[in-house]
Amino acid sequence: MTHISAEQSVLAFINVFTVNPENQDRLVELLTSATDVSVRYAPGFISSSLHRSTDGTKVTM
């Protein structure tokens, strides 16, 4: 599990995507694929977490 701490010299990027509920699953698939294929290989990358809203309108990465 990712742990964010003010004592560490790292940056945390939090992106919130707004989608129509019928597109939420597809966005999660696309973000997962992008992370697996390229983002994880970027210098300094540590981890990524995805969160879905229960109403289907948001995905947070």
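Predicted model: local features only at pLDDT ≥ 70, side-chain atom pairs only at ≥ 80, totals over all residues.
The secondary structure of the chain amounts to one helix and three strands. Read from the N terminus, these elements follow the pattern β-α-β-β. The C-alpha trace spans about 40 × 25 × 15 Å along its principal axes. The chain has 61 residues, and 15% of them count as buried. Taking the contacts between residues at least 6 apart in sequence, 66% join residues at least 24 apart.

The three strands form an open sheet, ordered β1-β3-β2, with antiparallel pairing. Its edge strands are β1 (16-18) and β2 (51-52), each of which pairs on one side only. Helix α1, which covers residues 24-37, packs on this sheet and touches β1, β2 and β3. The direction of α1 makes about 20 degrees with that of β3. Within the sheet, β1 and β3 (residues 58-60) are joined by three bridges in the antiparallel sense. Here Val-16 stands opposite Thr-60, a residue of β3.

Turning to the helix itself, α1 has 14 residues and reaches 20 Å from its first C-alpha to its last. That span is close to the 20 Å expected at 1.5 Å a residue. The buried residues of α1 are Gln-24, Leu-27, Val-28, Leu-31 and Thr-35. They lie on the same side of α1, because they cover an arc of only 100 degrees around the axis. The cover over these buried residues includes β1, β2 and β3.

Gln-24 has its place in helix α1, and its relative accessibility of 8% is under the 20% cut-off, so Gln-24 counts as buried. Leaving out residues up to four places away in sequence, Gln-24 touches Val-19, Arg-52, Ser-53, Gly-56, Thr-57, Lys-58 and Val-59. Thr-35 also lies in α1, and its relative accessibility of 11% means that Thr-35 counts as buried too. Apart from its neighbours within four places in sequence, Thr-35 is in contact with Arg-40, Phe-45, Ser-48 and Met-61. Thr-35 and Glu-22 are 13 residues apart along the chain, and their C-alpha atoms are separated by 22 Å.

The charged side chains complete the picture. Side chains of opposite charge can pair when their charged atoms come close. The structure holds two salt bridges. In one of them, the side chains of Arg-52 and Asp-25 meet at 2.4 Å, N to O.

Glu-29 and Arg-26 are three residues apart in helix α1, so about one helical turn separates them. Glu-29 counts as partly exposed at 45% relative accessibility, while Arg-26 is partly exposed with a relative accessible area of 47%.

Conventions. Residues numbered from 1 in each chain as written. Heavy atoms only, no water. Pairing = 2+ DSSP bridges. Helix = DSSP H or I, 4+ residues; strand = E, 2+ residues; numbered from the N terminus. Contact = heavy atoms within 4.5 Å. Axes fitted to C-alpha atoms, helices over the stretch in contact; angles between N-to-C directions. Buried < 20%, exposed > 50% of the residue type's maximum accessible area, 1.4 Å probe, protein only. Salt bridge = Lys/Arg side-chain N within 4 Å of Asp/Glu carboxyl O. Expected span 1.5 Å × (residues − 1). Arc of directions from axis to C-beta.
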